Amino acid sequence: MSPTKPEGGDLHNHLSGAVTTEHLIQLAGENGLCIDATDTAVRPPCGPGTRPAADARTDAEFRQRIVRAWSMQDFPADQPGHDHFFDTFGKFGEATRDRGKMLANVADTVVEQNQFYLETLVTPASDAAKKLAESVGYDADLAAFHRKLVAGGKLDGVVREADAADAQFRETAHCDTGRPAPGCRLPVRWISQVSRGSSNERVFTQMAVGMRLAERDPRFVAVNLVQPEDGESALRNYRLQMRMLQYLRTQYPDARLTLHAGELTPGLVKPEDLTFHIREAVQVAGAERIGHGVDLVREDDWQQLARTMARRGVAVEVPFSSNKQILGVAGDDHPFNAYRRYGVPVVLATDDPGVSRIDISHEYQYARATYGLSYTELKDLARASLEHAFLDGHSLWASGSARTGYRPVRACTGSRPGVAPPAPACARHLADNAKAATEWRQEAAFAGFERRQGGAR
Ligand SMILES: [Zn+2]
C-alpha cells in the first residue's frame with residue numbers, strides 16, 4: 001500500500017551518483033578509508049592531514065562537511081553548480097568499489113518510490129579495458145582497430161572480467177533469506193559507461209567492451225557516454241566518437257544505445273558546439289534514447305530534428321534537478337515542452353539522485369508543479385519510461401505513446417490489470433515478454449492507486 005502513485009522505471013541513473021551520500025560515507029567507514037584535506041576519500045592508512053571516514057559516525061560536524069563535499073547539499077542556488085557537481089564523483093570514487101552494496105541501497109529506494117524497473121550505469125572492467133587499449137594502441141581505421149582488439153580473444157578476456165555484482169547484491173539485500181529487502185524483486189539492467197574525456201584508444205575500447213558485453217550478458221543491455229560533454233577533449237572528439245559508435249553498431253547490432261547529448265548551454269561552450277550534438281547522436285550514432293537534450297532549440301533546424309526523434313521513437317531522458325543544478329536550466333528555459341509539442345517521447349529520470357539529494361517523486365512533483373501536468377499526463381510519463389526501457393521482449397501496448405494513447409496488444413485486449421488475472425492468451429504474452437510483464441505490473445498498481453483515490457484524476 002504505497003502512498004505514491006506508480007512512477008515507471010528509472011532509465012538514467014548512475015549507480016555511484018544514485019547511492020545516498022550517507023550510505024557512501026558508511027561504506028567508506030566500513031572499508032577503513034580516510035578523508036583528506038580536500039574531502040576526498042583515500043585508501044588507508046590514514047596519514048597526516050587525513051581522518052578515518054569512520055569518525056563521521058560520531059562527529060556530526062565532520063559528517064556534514066563530507067555530505068556537502070560529496071553532494072549538492074547546501075550548495076548556493078545562485079552559483080553555477082557544474083564543477084562542484086562533477087567534482088563530487090572524484091571525491092567519493094574510492095568509496096564506490098562495492099557495486100552490489102550500492103545497488104542494494106539504490107534498488108530499495110527505487111521500489112519504495114513505487115517504480116518497477118531500473119537501468120543503472122556503471123563502468124565495467126575499466127582497468128582491464130584501459131590495459132587493453134594501451135597495449136593495442138590507436139588505429140584511425142576503426143575496422144582494423146576493432147579486429148586488433150578482438151584478436152586472440154583479448155576483448156573477450158576483458159568482457160569476462162565485467163561483474164554485475166549479483167552475489168554481493170543478493171547477500172547485502174538478504175535476497176535468499178526469509179526476509180528479502182524490497183529491492184530483491186526489482187528487475188535491473190546495466191548500462192556500460194564510456195569515459196568520453198579519455199584518449200581515443202580508451203574510448204573506442206570501452207565502447208567495444210560495452211557493446212560486446214551487451215550481446216553476451218543478458219544483464220548488460222546498452223552503452224552510454226559519460227563525463228562532462230563540455231570537456232575539452234569530449235568536444236574535440238565528439239564527431240569522431242559518434243562515428244566510432246556508428247561503426248561498432250554494425251558489429252554489435254543487438255547492443256542498445258543511449259547517449260548523453262546536448263547537456264550544454266550557451267556560455268559553457270562556444271556557439272557552434274550547441275548546433276549538432278543531439279542530431280549526430282541520433283543520426284550518426286543511431287542512439288535510441290538521448291540523455292538530457294537540453295540545448296535542443298539551439299541545434300540547426302531543431303524542429304526537423306525533433307520530428308525525426310518523434311518519428312523514430314527516440315526518447316529523451318529528462319532529469320530536472322540535475323539540469324537545474326549543473327546547467328542552471330529550469331522552467332520555461334527547459335525544452336521539456338518543446339519535445340512534447342513535437343511528439344518526442346519524454347521520460348523522467350533521476351541521473352544522480354544521491355548527489356542531487358532528490359528522488360524520482362521529486363521529479364514528478366516538479367513536472368506537475370512547473371508545467372501544470374494532469375494526472376493522465378503524469379501517468380503517460382510513467383508508462384513511457386517502461387515503454388522505452390531496454391527490457392527484452394514485446395510491449396504490453398500495440399500503440400504506446402502519449403500522442404496515440406496506450407492501447408494493449410490484441411492478446412491483452414479485455415484483460416484488466418489489477419482487477420482480474422490476465423486471460424490465457426495475455427498470460428502467455430506476459431510470460432514471453434519481460435517488458436510487457438513489467439508494464440502489466442505497473443498497470444495493476446495504477447488500478448489499485450486509482451481505486452484508493454476513489455477514481456480521482
Ligand atoms: Zn547522466
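Visitor: What makes strand 2 and strand 3 a pair?

Guide: Two strands count as paired when at least two bridges link them. In this predicted model, strand 2 (residues 34-35) and strand 3 are joined over two bridges, in the antiparallel sense, so by that cut-off they pair. Ile-35, for one, stands opposite Ala-41 in strand 3.

Visitor: And which strands make up the sheet they belong to?

Guide: Three strands form an open sheet, ordered 3-2-4, with antiparallel pairing. Strand 3 (41-42) and strand 4 (51-52) are the edges: each has a single partner strand, so one side of each lacks a neighbour in the sheet.

Visitor: Over to strand 8, then. Why is it called largely enclosed?

Guide: A residue is buried once 20 or more other C-beta atoms lie within 10 Å of its own. Six of the six residues of strand 8 (residues 256-261) are buried, so the rest of the structure largely encloses this strand.

Visitor: How do you know that both faces of strand 8 are covered?

Guide: Side chains in a regular strand alternate between the two faces of the sheet. On one side of strand 8 you have Arg-256, Thr-258 and His-260, on the other Leu-257, Leu-259 and Ala-261, and all of them are buried.

Visitor: What are the partners of strand 8, and in which sense do they pair?

Guide: Strand 7 (residues 220-226) pairs with strand 8 in the parallel sense over two bridges; there, Ala-222 sits opposite Arg-256. Strand 9 (residues 289-292) also pairs with strand 8 in the parallel sense, over four bridges. Within strand 9, Ile-290 is the bridge partner of Leu-259.

Visitor: Stepping back, how many helices and strands does the protein chain have?

Guide: The protein chain has 21 helices and 13 strands.

Visitor: What share of the contacts joins residues at least 24 apart?

Guide: Taking contacts between residues at least 6 apart in sequence, 74% join residues at least 24 apart.

Definitions and conventions
Residues numbered from 1 in each chain as written. Predicted model: local features only at pLDDT ≥ 70, side-chain atom pairs only at ≥ 80, totals over all residues. Buried ≥ 20, exposed ≤ 12 C-beta atoms within 10 Å, placed from the backbone. Contact = placed C-beta atoms within 7 Å.
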